[in-house]
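Here is a short briefing on the structure shown below. Topics are taken one at a time.

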Amino acid sequence: MTAPKGISAVAREMAAQGECTPRVARDPVNEAMINNWTEALGDDNPAYPAVAPPAMVQVWTMRGLHPNPDDDPLGRMSEVLDAEGYTSVVATNSEQTYHRHLKPGERVAVTSRLEEVVGPKQTALGEGWFVTTRSIWRVGDEPVAEMMFRILKFRPKPVARAAVTPMVSKDTEFFWVGTKIGELRIQKCAACGALRHPPGPMCPRCNALDPTFIVSGGLGEVYSYVVHHHPQVPGKRTPFVIALVELEEGVRMLGELLDVDPEQVKIGMPVRVRFVPSGEFTLPAWEVR
Amino acid sequence: MSAALVGIGATEFSKESGRSELRLAVEAVSAALAEAGLKPSDVDGLVSFTMDSNAEIAVARELGVPELTFFSRINYGGGAACATVQHAAMAVETGIAEVVVCYRAFNERSGHRFGQFSSAAATNPTSSGVDNSWSYPMGLGTPASTVAMVARRYMHEFGATSEDFGRVAVTMRDHAATNPKAWFHRRPITLEEHQASRWITEPLHLLDCCQESDGAVAIVVTSLARARDLAQPAAVIAGAAQGSSADQYVMTSYFRDEMSRLPEMGLVGRQLWRQAGFGPDEIDVAVLYDHFTPYVLIQLEELGFCGRGEAKEFIADGRIGLTGTLPLNPHGGQLGEAYIHGMNGIAEAVRQIRGNSVNQVRGVENVVVTAGTGVPTSGLVLTRDR
Ligand SMILES: [Zn+2]
């Protein structure tokens, strides 16, 4: 691993090397390619194909599908940043300047130099480095077009970490077995009949150690709710609604309230259970009824 | 009780201390001892939070404390704050230790941030991990969201509004504005700014939520007899209590009959008034835990300053401002000064008793202090030495 200081040092070295070896266009500027381009873009300017549209300049020097290795600084700098984990790329700026029109028969060559590498910067996409290059297209020694090109090479932020899965104990296992087969189970004391959620090993009412369960009808009302915006929650897309539901059997239970406009949620709103697979588990959730 | 708070020490409160948590801890403890006129060799007890990352032995080692006869940790996040002093006082009163220092030190902003969603909390192979499996996998796993669930129900039952919560935030920021140690020194807010601040978890706006801070606070506790020989006027412990109530969970006590309450704080309050021999009417300054604004309102009710659901009217007329009849968190609280897990509130209570706070309330005899809400909690009543 090169330290960030290493990246800057490599960049300075590369910038000091100036222009890379010119890459000569595979074909001369030609009418066939100009016609294809202007047709695809719907540009019926009568000046074409006697001259080429200036914006075509990159077309003439494209590398093709099987490029030869070259010393293009953007490619070399990208490799350095890839190796440091800045593996994603997005183009941020491109400014082209055209000195004159190209005519069929002319053959251009392009050369690039690294202008600057700035970073590490914290961006919305993740930590990254801005890499700026300048390319010049020439016919012989005459510059015909130039381009400033800037990309952001970034380390992608971890997206939507896996949802949190429940910690299951021997006392709560029955609940999660139930959700998996579409049953919303409520613990019931075999001795005194008390219903309870969340469940546990001992009945708090009679201290019996004899829990069993009933299967809930899955119907209830919103007892309270929140609309979560910040921060990000693994496996969820914000904003989302979490409702504390009082089931008809009399116990309360938390779950995401699905497919609802947060503005429309009200305490007292009738809901029913919906089972949502999440990894190895199935979570109870709610939908408006 | 016949124990007293005789020294307070703190680091600066920041967003990036640039130092280890252990260093923050020993800086604060060292400052508290120096202020009290004590030396590390006088210390024989240390108390902190279960959540604190600095072992008592590490703190003792750095300070050169030769022997410890009492060391203890209190569980349940910020609910531990006042209980550190209670446990210290119990150790002093039973003769187990003579000089006990309570400390809390963390890089809570630049290091591990409590405001983020903690997947780890839901995957502990403990009873607490199993408790969390009824909320975290459903997406409810930040402190703000767990409080928001109670706040929504409270609004529904009593007609409280986001503006009522906002008045707490505005008052805290007013107080912080004139406290140079506060992060939000000279940065008051308006109710309009509170309302315009982004949603964190509805019904809580950003400005309903306390800060995340780096820093440390330490408090020295010893017997009242010894306190009278020390450098600072003693803040005498008139009441010290812990409380956990029926069907208690950490932040998600949603399965009780009445969810929009803090019965554990009511339990703390009843003990405090019984121990102190007086009630809320005798309180000159209240330092209430303010990690989220709605729980400040509910605490006022649970402690008996007003009736159930009446806190919104209670605070509406400026009563909790510095010139009101119940100045609340003169230092700016955790919304305004810093979030040091409630320990900076105890330090402010001591200053108010001594009469040397930067936002000093006149004629203070009795101060009530509370610890974290939504969790098993604790509280103190401090009085002037009479
Ligand atoms: Zn039973």
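Which residues coordinate the zinc ion? Cys189(A), Cys192(A), Cys203(A) and Cys206(A) do, each through SG, at 2.3 to 2.4 Å. The model is a predicted one.

**Zinc site**
- Along the chain, the zinc donors are spaced C-x2-C-x10-C-x2-C.
- Cys192(A) and Cys206(A) link distant parts of the chain, 14 residues apart.
- Cys192(A) lies in the loop between β6 (185-189) and β7 (195-196) of chain A. Cys206(A) lies in the loop between β7 and β8 (211-215) of chain A.
- What arrangement do the four donor atoms around the zinc ion make? It is tetrahedral, because the donor atoms subtend angles of 101 to 114 degrees, and the class requires all angles to lie between 85 and 135 degrees.
- Cys192(A) has a relative accessible area of 28%, so this residue is partly exposed. Cys206(A), at 34%, is partly exposed.

**Domains of chain A**
- Chain A is divided into domain 1, residues 5-156, and domain 2, residues 173-288.
- The C-alpha centres of domain 1 and domain 2 of chain A are 57 Å apart.

**Contact between chain A and chain B**
- In chain A, 37 residues are in contact with 37 residues of chain B.
- The size of an interface is often given as the accessible area lost when the parts come together.
- Chain A and chain B bury about 3,200 Å² between them. Carbon and sulfur atoms account for 67% of that area.
- Which three residues supply more of the area that chain A buries against chain B than any other three? They are Val164(A), Met167(A) and Leu254(A), with 21% of that area.

**Chain B: annotated region**
- An unreviewed UniProt entry carries the annotation "domain: Thiolase N-terminal" for residues 19-222 of chain B.
- Over residues 19-222, chain B is 40% helix and 17% strand. The end C-alpha atoms of this stretch are 29 Å apart.

**Chain B: Pro263(B)**
- Pro263(B) is found in helix α9 of chain B, residues 263-276.
- Pro263(B) counts as partly exposed, because its relative accessibility is 22% and buried means under 20%.
- Leaving aside residues up to four places away in sequence, Pro263(B) touches Ser245(B), Arg256(B) and Glu302(B).
- Pro263(B) and Pro376(B) are 113 residues apart along the chain, and their C-alpha atoms are separated by 9.6 Å.

Methods:
Residues are numbered from 1 along each chain as its sequence is written. Chains are lettered from A and ligands numbered from 1 in the order in which they are written. This is a predicted model: local features need pLDDT of at least 70, side-chain atom pairs count only at pLDDT 80 or more; totals for chains, interfaces and linings use all residues. Side-chain values use heavy atoms; hydrogens and water are left out. Domain bounds come from an automatic or database domain assignment. Donors are N, O and S atoms within 2.8 Å of the metal (3.2 Å for Na, K and Ca); water is not among the atoms, so sites may look incomplete. Four donors count as tetrahedral if all angles lie between 85 and 135 degrees; four count as square planar and six as octahedral if opposite donors are over 155 degrees apart and all others between 65 and 115; anything else is irregular. Helices (H or I, at least four residues) and strands (E, at least two) are DSSP runs, numbered from the N terminus. Buried means under 20% relative accessible area, exposed over 50%, partly exposed in between (1.4 Å probe, protein chains only). UniProt positions are given in the numbering used here, feature names are shortened, and annotations may be inferred rather than shown by experiment. Contact means heavy atoms within 4.5 Å. Buried area is the accessible area (1.4 Å probe) that two parts lose on being put together, summed over both.
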